[in-house]
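Have a look at the structure first, then read on.

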Amino acid sequence: MTEAYNPFSLAGKTVLVTGASSGIGRATAIECSRLGATVVATGRDEARLGETMAALTGKGHVSIQADLTKAEDVSRLVQEMPQIDGLVCNAGITRRRPISFVKEDELQEVFNTNTFACFTLTKAIMKARKMNRGGSMVFVSSMAARQVTPGNAMYAASKAAVESFARSCALEYAPMQIRSNAILPGMVETPMNNEGGLSAEAIERDKQNYLMKRYGKPEEIAWGIIYLLSDAGAWSSGTSMEITC
Amino acid sequence: MEIEEFVENFAGQFVDTDLNVFSKDTVFHELDEYSSLIALMVISMIDEVYGVTVEYDDMAAAVTIEDLFNTVKRLKGEQ
C-alpha cells in the first residue's frame, strides 16, 4: 500500500505556535497535530494551554508557558524548546478606542504583544539557531491592517506592522532557505471578539457585511497557516494571504 | 580582544560558506556569500559584541578580516 499523497502533511515537522491557549492559536495547534506535526504550544495561561494540549492528536507535543512581552520568558522559551521547522506567531490582543482617547499604556500593551513580541521571539529563535534550514515562519496579521474601522487604530496599526515584518523576515532569512509569510484573517469567531468592546448586536450586524454572512472559524485560518508551513507552500515567501470573504 | 574570536564571530554571520575558509587573512569581499545583508550583520555583530560602530566605509576599506579587526581595535581605543 502506498502512503497517502498529501503535500499539506506536516509529518516530521516541529511547529511552535504562540498564543496557543485559545482562538486561532489553539485551532492551529490542534490542526497541525492532526496533520502529523509535533507541536510546541506556548501561551500565557497555563490552564488554557493545558486544554489545548489535551486536544492534540499524536504524541511528543510540548507546552511551555510564557509571556512573550517579558524578555526573560522569551529567552527561557527559546532555551527550552526543541529545534523547529515552523513558527506561527499568532499571540495577539485588542483594545478598542477612538484615536483621541487612546491611552499610552494600552497602546504599549497592544504593540508589545502583537508586534514587538514577533521581533523579540524571531530574533531569539534565529540567534539560537533553533529554526531548521527550510523552515517556515507564519505571522498572523489581520484584515484590519488594510480595512480600518473606527476605534480600531491601535490593533490595525500593530497588525500592519506584523504584515510588513513578515516580509522583512522573508528577505533576511531567505539565504537559510527559510520562508516567511503573513496571514490576514477577517473576523473570526474567537474569544478576542469579546475583548473588542463590540455589542452582540453590532457583531451580528457586522456579519452581514461578509459574503457568507458569517465570521470565520478558527480552523479555517489554521488551514491557511498549514498551507504555508507545509511543503505545499514551498514557493511562497514574502507574501500576504487574505483569508476572508 | 582576540583575533581568533573575532574571526569566529565574523564567520558566524555566514550560512553557506565553509568555516575552514575563514582566517584573519581571508579577503572577505571576494567570498561568494558576502552581500550587503552580511555586511550589515557584521556591523551589527561588532556593535553588539564589541560596543563600537563600524561604518560602511570601514567595511569597504578593510580587505582582510584582520583589517576589520584592526578597525574595531582602533575604534575601541586599543591601538
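Buried residues (those with 20 or more other C-beta atoms within 10 Å of their own, the C-beta atoms being placed from the backbone; exposed means 12 or fewer, partly exposed in between) make up 18% of the 79 residues in chain B. Keep in mind that this is a predicted model, where local features need pLDDT of at least 70, side-chain atom pairs count only at pLDDT 80 or more, and totals for chains, interfaces and linings use all residues. Residues are numbered from 1 along each chain as its sequence is written, while chains are lettered from A and ligands numbered from 1 in the order in which they are written.

**Chain B overall**
- Chain B has 4 helices and 0 strands, where helices (H or I, at least four residues) and strands (E, at least two) are DSSP runs numbered from the N terminus.
- With a radius of gyration of 11 Å, close to the 12 Å from the globule rule for 79 residues, chain B is as compact as a globular protein of that length; the radius is taken over C-alpha atoms, and the rule is 2.2 Å times the number of residues to the power 0.38.
- The C-alpha trace of chain B spans about 35 × 25 × 20 Å along its principal axes.
- Take the contacts in chain B with a separation of 6 or more: 52% of them come from residues 24 or more positions apart. A contact here means C-beta atoms, placed from the backbone, within 7 Å.

**Helix α3 in chain A**
- Over in α3(A), residues 71-80, you'll find A:Val74, A:Leu77 and A:Val78 buried.
- Those buried residues fall within an arc of 95° seen down the axis of α3(A), so they line one face of the helix; the arc is that of the directions from the helix axis to the C-beta atoms.
- On the face turned away from the buried side, α3(A) carries the exposed A:Glu72, A:Gln79 and A:Glu80.
- The buried residues of α3(A) pack against β2 (38-43), β3 (62-65) and α4 (104-127) of chain A.

**Strand β2 in chain A**
- As for β2(A), 6 of its 6 residues are buried.
- A:Thr38, A:Val40 and A:Thr42 sit on one side of β2(A), with A:Val39, A:Ala41 and A:Gly43 on the other.
- β2(A) pairs with β1(A), residues 14-18, in the parallel sense over 5 bridges; pairing takes at least two DSSP bridges.
- A:Leu16 stands opposite A:Val40 in β2(A).
- β3(A) also runs parallel to β2(A), joined by 4 bridges.

Note on methods. Contact = placed C-beta atoms within 7 Å.
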